[in-house]
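Hi,

Here is the structure I promised to pass on. Have a look at it first, and then read my notes below.

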Amino acid sequence: MATGPLFFFLVEDNPEVRVALADRLRFAGHQVTVTATAEEALDRIAHDHFSCVLSDVDLGGSMHGLALIQRLAEDHRSLPCVLMSGLPPEILATRFGLNGQLPRAPLLSKPFSNAQFDDALREAMSSVASEPS
């Protein structure tokens, strides 16, 4: 990524995926805070500064990643967010009502390449930067 070191908050309930993504981000020179739940993410984000939130859609808890991103859009409008999922589009549509991309959170299909991640991050950052204050 050409943006320099960032502070990511990674929300992923699958421990293997969480470790792999965190390692990938750290290897690229970024700092990463991780959690498995949207609720813990909201608590931490309220008290700490992050450059971007990267969240899985299907977190398996009482709050899914889409609800997290919608809440962040209300409470932390300037915080870029990227959603990711390994679920097929038809399940995302029926289970979560997700048809395509959200205006402020690109949707990455897992697995994704570094280039796809970089594109999604740029899209998330530019969509937040272009929002009216």
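**What I found**

Phe 8 is buried, and Phe 117 is buried too. Keep in mind as you read that this is a predicted model.

Let's stay with those two rings. Phe 8 and Phe 117 make a tilted aromatic pair, with 5.8 Å from centre to centre and 45 degrees between the planes. Phe 8 belongs to strand β1 and Phe 117 to helix α5 (residues 114–129), so the pair ties together parts that are 109 residues apart in sequence.

Now for another pair of rings. For Phe 9 and Phe 50, the ring centres are 4.9 Å apart and the planes are at 90 degrees, so this pair is edge-to-face. Here too, distant parts of the chain are linked: Phe 9 sits in strand β1 and Phe 50 in the loop between α2 and β3, 41 residues apart. Are these two buried or exposed? Phe 9 is buried, with a relative accessible area of 0%. Phe 50 has 9% relative accessibility and the cut-off for buried is under 20%, so Phe 50 counts as buried as well. The count of aromatic pairs comes to three.

Next, helix α2 (residues 38–47). Which of its residues are buried? They are Ala 38, Ala 41, Leu 42 and Ile 45. Looking down the axis of α2, you find these buried residues within an arc of 100 degrees, so they line one face of the helix. The spacing makes sense if you remember a general rule: an α-helix has 3.6 residues a turn, so residues three or four places apart point the same way. What do the buried residues of α2 pack against? Their partners are β1 (7–11), β2 (31–35), β3 (52–56) and α3 (65–75).

The packing of α2 with α3 is worth a look by itself. Their axes are 10 Å apart, at an angle of about 20 degrees. That angle is under 35 degrees, so α2 and α3 count as roughly parallel to each other. Their crossing is right-handed. On the α2 side, the contact is made by Ala 38, Ala 41, Leu 42 and Ile 45, and on the α3 side by Leu 68, Arg 71 and Leu 72.

Leu 79 is in the loop between α3 and β4 (81–85), and at 7% relative accessibility it counts as buried. Leaving aside neighbours within four places in sequence, the contacts of Leu 79 include Ile 45, Phe 50, Leu 72 and Val 128. Leu 79 and Ile 45 are 34 residues apart along the chain, and their C-alpha atoms are separated by 9.6 Å.

Val 57, in the loop between β3 and α3, is buried with a relative accessible area of 0%. Again leaving aside neighbours within four places in sequence, Val 57 touches several residues, including His 64, Leu 83, Phe 96 and Leu 107. From Val 57 to Leu 68 it is 11 residues in sequence and 8.9 Å in space, C-alpha to C-alpha.

One last thing to find on your screen: the peptide bond from Lys 110 to Pro 111 is cis, with omega near -5 degrees. Most peptide bonds are trans. Pro 111 is in the loop between β5 (107–109) and α5.

Cheers

Notes. Residues numbered from 1 in each chain as written. Predicted model: local features only at pLDDT ≥ 70, side-chain atom pairs only at ≥ 80, totals over all residues. Heavy atoms only, no water. Buried < 20%, exposed > 50% of the residue type's maximum accessible area, 1.4 Å probe, protein only. Helix = DSSP H or I, 4+ residues; strand = E, 2+ residues; numbered from the N terminus. Arc of directions from axis to C-beta. Contact = heavy atoms within 4.5 Å. Phe/Tyr/Trp six-rings, centres within 6.5 Å; stacked < 30°, edge-to-face > 60°. Axes fitted to C-alpha atoms, helices over the stretch in contact; angles between N-to-C directions. Parallel < 35°, antiparallel > 145°, perpendicular 65-115°, else oblique. Left-handed = near helix turned anticlockwise from the far one by under 90°.
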